[in-house]
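This briefing concerns a ligand site and the pocket around it. Please view the sequence and the model before reading the points that follow.

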Amino acid sequence: MADQKNALIVGASRGLGLGLVETFLQRGWRVTATQRSTAPGLAALSSDALRIETADIDDDGAVASLRETLSGERYDLIFVVAGVATQAHEPLHAVPRDVAAQVYLTNAVSPIRFAEAFLDRLAPKGLVAFMSSVLGSVGLNESGGSESYRASKAALNTLARSFEVRHRDAGFGVMLMHPGWVRTEMGGADADIDVATSVTGMSDVIEGRLGQAGCVYVDYTGKTLDW
Ligand SMILES: NC(=O)c1ccc[n+]([C@@H]2O[C@H](COP(=O)([O-])OP(=O)(O)OC[C@H]3O[C@@H](n4cnc5c(N)ncnc54)[C@H](OP(=O)(O)O)[C@@H]3O)[C@@H](O)[C@H]2O)c1
């Protein structure tokens with residue numbers, strides 16, 4: 001299919017990443033999905049339109065080698081979904097420094113470094129999406145909690161805005177996405193919505209945004225969030 005869209009979903013072994021891969025395949029996209037190690041859920045989606053690769057976004061060497069492996073690909077969407085919430089329920093002073101630093105590296109630094117490395121794999125007017133969270137909003141933080149996690153997603157938001165400004169002349173779009181509070185391993189069983197509801201909404205929002213430049217911070221229903 002000449003006009004078939006092509007997506008790179010980073011961090012797709014389970015949860016929201018896996019759900020996004022399944023949804024984009026159902027919508028007729030070609031998808032490259034990354035895992036850190038063999039992921040049964042991803043393998044079960046087996047399809048001619050699915051390419052599965054392996055990389056840890058915290059490993060610059062692995063990201064560089066993935067970039068080489070994917071040299072023939074051009075993506076309409078690069079979506080860095082991977083993230084961690086290590087010791088998110090403890091206040092910052094109770095989290096060891098190296099743990100808080102690693103949450104920042106995985107959630108904020110590595111997604112931006114990944115996107116930077118893959119910019120020449122992005123199709124003209126493509127979209128770079130990052131999985132943020134409403135908890136990354138400084139202005140909406142009325143309830144506190146999840147301190148190191150919140151800070152890492154706020155940092156991701158800030159870094160993504162700078163990334164978009166730095167590359168504004170290139171004309172691609174940048175999206176910071178809040179998926180809702182979703183029943184995954186990270187979201188827990190008490191979360192508001194299931195994976196299908198979240199990924200259907202996110203995919204609609206992404207498909208509606210393709211081809212547009214600028215940086216937006218939105219949730220899975222398309223609502224714009226306060227920074
Ligand atoms: N669930 C929610 O309610 C919610 C709300 C707001 C935002 N989010 C965000 O949505 C994203 C996905 O969350 P989820 O709920 O699907 O969580 P999840 O079920 O815990 O899945 C996390 C995913 O990230 C991958 N990952 C973690 N560190 C990685 C690394 N260094 N390199 C590559 N992949 C890595 C994991 O791979 P492995 O299987 O190898 O560990 C897994 O695929 C995260 O960024 C999270 O912060 C989630």
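In this predicted model, the shell around the ligand comprises twelve nonpolar, ten polar and six charged residues. Here Ala, Val, Leu, Ile, Met, Phe, Trp, Tyr, Cys and Pro count as nonpolar, Asp, Glu, Lys and Arg as charged, and the others, Gly among them, as polar. Local features need pLDDT of at least 70 and side-chain atom pairs pLDDT 80 or more, whereas totals for chains, interfaces and linings use all residues. Residues are numbered from 1 along each chain as its sequence is written, and side-chain values use heavy atoms, without hydrogens and water.

**Ligand contacts**
- Of the 28 residues around the ligand (a heavy atom within 4 Å), Ser 13, Arg 14, Arg 36, Tyr 149 and Thr 184 come nearest.
- A polar backbone atom of Ile 57 lies 3.0 Å from a ligand nitrogen.
- The protein covers 93% of the 890 Å² of accessible area (Shrake-Rupley, 1.4 Å probe) that the ligand has on its own.

**Pocket**
- The ligand sits in the largest pocket, meaning that more than half of its atoms lie within 2 Å of the grid points.
- A pocket is an open set of points on a 1 Å grid over the protein atoms alone, where a 1.4 Å probe fits, with protein on both sides within 12 Å along at least five of seven lines; lining residues have an atom within 4 Å of a point.
- The largest pocket holds about 1100 Å³ of space, the volume filled by probe spheres set on the points.
- Among its 43 lining residues, Gly 83, Tyr 149, Thr 184, Met 186 and Gly 187 are closest to the centre.

Terms used:
A polar contact is a pair of N or O atoms within 3.5 Å; within protein, one must be able to donate a hydrogen and the other to accept it, and residues adjacent in sequence count only if both atoms are side-chain atoms.
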